[in-house]
Amino acid sequence: MIWESWDAFWAMGGYGPYVWGSYGVVLLCIAIEIVSARAAHNASVQSVRAMQEEPDHDATP
Amino acid sequence: MENFKIRWFHWAAPQSFYPLAGRLWPFFGLIAAVMALAALYLGFFVAPTDFQQGEGYRIIFVHVPASWMSMVIYLAMAFWAFLGFTFNTRLSGMMTQALAPTGAMFTFLSLWTGALWGKPMWGAWWVWDARLTSELILFFLYMGYIALTSAIDDPRRADRAGGLLALVGAVNVPIIYFSVKWWNTLHQGASVSVTKGSSMAHTMLWAMLLMALAFWAYSIAMALYRVRSIILVRERHTQWVQEVAA
């Protein structure tokens, strides 16, 4: 352990806001991307299913 | 050789690529998670304090890999666009589209973490030097690609227009990479070079390289995951998609 305490760890030698501001936003962006990709995939599956319920509309030639 | 060629075109068919991507993305996602945890451990609990930059330098463990990915993903998009123009395969345009959001995200993160590093180290969130400006242009190229392809209803036309932008915009990538050599920039030169090796301590270097591997694996996982959604929508008229979604 290179840190004397957890407080020292979070303080990052005075750079805390910059370091955690960086890593926090990286984590946030990744989380948002994963959630939105899942939502997009579910929406794709739903759009195909919606087509199946209305075979006349938009049907295979 | 003939067989080899046939296999490539076999996987280029959306119908065969869809299940393949479905099997591959969890594998790359797992690699990304393991590598990221290892990189965070090395970066925060093993790598020593930098004698010039104190603890603030730990931002570069995420800044440098994000910047690399922002360029690598754009080149990957240009590669798929090129394949699309050459072989006219449907999958190429879908892969180009599947990569764009992740590339845009890493470009934003490169700029964001760079600003948070620049403020304490340079005293400025932003300067208009060649490296920062060309990276900002890369962000606009990603945004332009996403806006352009989503504004065109016909997917094949969207692929062609977007593919052209991906190819032309790729010129910007070497400009970003070599900007620190070509111009007198405030941004420092490369810390890791193929010819000269690394100027960093070993644990620092490993923390950064592991994070870069994690971001690579993450990007591949996201592109494979996202391309499946695109395949479903674009191929919705086909029998196999109807069966998959049922």
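**Chain B, order of elements.** I read chain B from the N terminus, and its elements run α-α-α-α-α-α-α-β-β-α-α. That gives 9 helices and 2 strands. I note here that this is a predicted model.

**Chain B, overall form.** I looked up the radius of gyration of chain B, which is 20 Å. The globule rule gives 18 Å for 246 residues, so chain B is as compact as a globular protein of that length. I also took the box along the principal axes: the C-alpha atoms fill roughly 65 × 35 × 35 Å. Buried residues make up 41% of the 246 residues. I then checked contacts in chain B with a separation of 6 or more, and 76% of them join residues 24 or more positions apart.

**H4 and H8 of chain B.** I picked out helix H4 (residues 90-122) and helix H8 (residues 202-234). They pack at an angle of about 135 degrees, with their axes 8 Å apart. That angle makes H4(B) oblique to H8(B). The crossing is right-handed. On the H4(B) side I listed B:Met94, B:Met95, B:Gln97, B:Ala98, B:Leu99, B:Thr102 and B:Phe106. On the H8(B) side I noted several residues, among them B:Phe215, B:Met222, B:Arg226, B:Ile230 and B:Arg234. Sorted by class, this contact has 11 nonpolar, 3 polar and 2 charged residues.

**H5 and H7 of chain B.** Next I took helix H5 (residues 130-151) with helix H7 (residues 172-182). Their axes lie 8 Å apart, at an angle of about 160 degrees. Angles over 145 degrees count as roughly antiparallel, and H5(B) and H7(B) are therefore roughly antiparallel to each other. H5(B) passes H7(B) in a left-handed crossing. From H5(B), I wrote down B:Ala130, B:Arg131, B:Ser134, B:Glu135, B:Ile137, B:Leu138 and B:Leu141. From H7(B), the partners are B:Asn172, B:Ile175, B:Ile176, B:Ser179 and B:Val180. By class I have 7 nonpolar, 3 polar and 2 charged residues in this contact.

**Chain A.** I turned to chain A, which has 2 helices and 0 strands. Of its 61 residues, 11% count as buried.

**Chain A against chain B.** How many residues of chain A are in contact with chain B? I found 25, and they touch 32 residues of chain B.

Notes
Residues numbered from 1 in each chain as written. Chains lettered and ligands numbered in written order. Predicted model: local features only at pLDDT ≥ 70, side-chain atom pairs only at ≥ 80, totals over all residues. Axes fitted to C-alpha atoms, helices over the stretch in contact; angles between N-to-C directions. Helix = DSSP H or I, 4+ residues; strand = E, 2+ residues; numbered from the N terminus. Parallel < 35°, antiparallel > 145°, perpendicular 65-115°, else oblique. Left-handed = near helix turned anticlockwise from the far one by under 90°. Contact = placed C-beta atoms within 7 Å. Nonpolar A, V, L, I, M, F, W, Y, C, P; charged D, E, K, R; others polar. Buried ≥ 20, exposed ≤ 12 C-beta atoms within 10 Å, placed from the backbone. Rg over C-alpha atoms; globule rule 2.2 N^0.38 Å.
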